[in-house]
Amino acid sequence: NGLIAPGADPYYIGHGYSKIEDGGYAVVSNSTYADDYTGWVHNKTDHTGNTNGGFLLINVAGDALNPTETLILNKELTAPFCSGVRYNFSLWASQLAAPNQLPSSFKFKVIGYKGGTPSVLAEQNSYAMVDYQMEAWSNYGVTFEIPATGVDRVMLEVWNVGVAGSGNDLVLDDIKVTTCSP
């Protein structure tokens, strides 16, 4: 099971230029390599400033007249999870939109499965992002706890909840799950 949601158009761009269509994504080291020719910011790097680092750039698709939540990232984890332990699902994010465009917004959802039965362990909305054109990266996350009955697997999801149209395109970096102190 991949990191990006099923149905998305994959691109991998290391050092070259390409147009990322609506619904597409790319892993790039510099935002210039994924210019969509509509004003995305250039010469921006991952949240650490590493010019050789990579980040995930997503041109979020959707219908501005019929907004719906769109799954943009998912990952199933089957590693053993300990009952009663708290975990943190986090990432760094920024948006590509200019100040006159629609802001990005996304939601974390963590689902635990026990014997095929799903249970939502956590859900958290990022709300509208306030930076524009990758001027700043922010750390977002959600904490979840494994129930006493345990789980067989965990599905990590990120959903677009922003309005589609001009803007609402985002970049993600350092996506991870860590254990929390009790």
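User: Why is the pairing of Glu76 and Arg153 called a salt bridge?

Analyst: The side chains of Glu76 and Arg153 come to 2.7 Å, N to O. A salt bridge is a side-chain nitrogen of Lys or Arg within 4 Å of a carboxyl oxygen of Asp or Glu, so the pair qualifies. The two residues link distant parts of the chain: Glu76 is in strand β4 and Arg153 in strand β9 (residues 153–160), 77 residues apart. The model is predicted: local features need pLDDT of at least 70, side-chain atom pairs count only at pLDDT 80 or more, and totals for chains, interfaces and linings use all residues. Residues are numbered from 1 along each chain as its sequence is written, and side-chain values use heavy atoms, with hydrogens and water left out.

User: What makes Glu76 count as buried, partly exposed or exposed?

Analyst: Its relative accessibility is 27%. Buried means under 20% relative accessible area, exposed over 50%, and partly exposed in between (1.4 Å probe, protein chains only). Glu76 therefore counts as partly exposed, and Arg153, at 26%, is partly exposed as well.

User: How do you know that Lys107 forms a salt bridge with Glu69?

Analyst: The closest N and O atoms of Lys107 and Glu69 are 2.8 Å apart, so the pair meets the cut-off of within 4 Å. Lys107 belongs to strand β6 (residues 106–114), while Glu69 sits in the loop between β3 (55–58) and β4 (70–77), 38 residues apart.

User: What makes Glu69, Lys107 and Glu123 one network?

Analyst: Lys107 also forms a salt bridge with Glu123, with the closest N and O atoms 2.9 Å apart. Lys107 lies in strand β6 and Glu123 in strand β7 (residues 117–125), so this pair ties together parts that are 16 residues apart in sequence. Glu123 is partly exposed, at 43% relative accessibility. Salt bridges that share partners join Glu69, Lys107 and Glu123. A search of the whole structure finds three salt bridges.

User: Which elements make up the protein chain?

Analyst: The protein chain has zero helices and ten strands. Helices (H or I, at least four residues) and strands (E, at least two) are DSSP runs, numbered from the N terminus.
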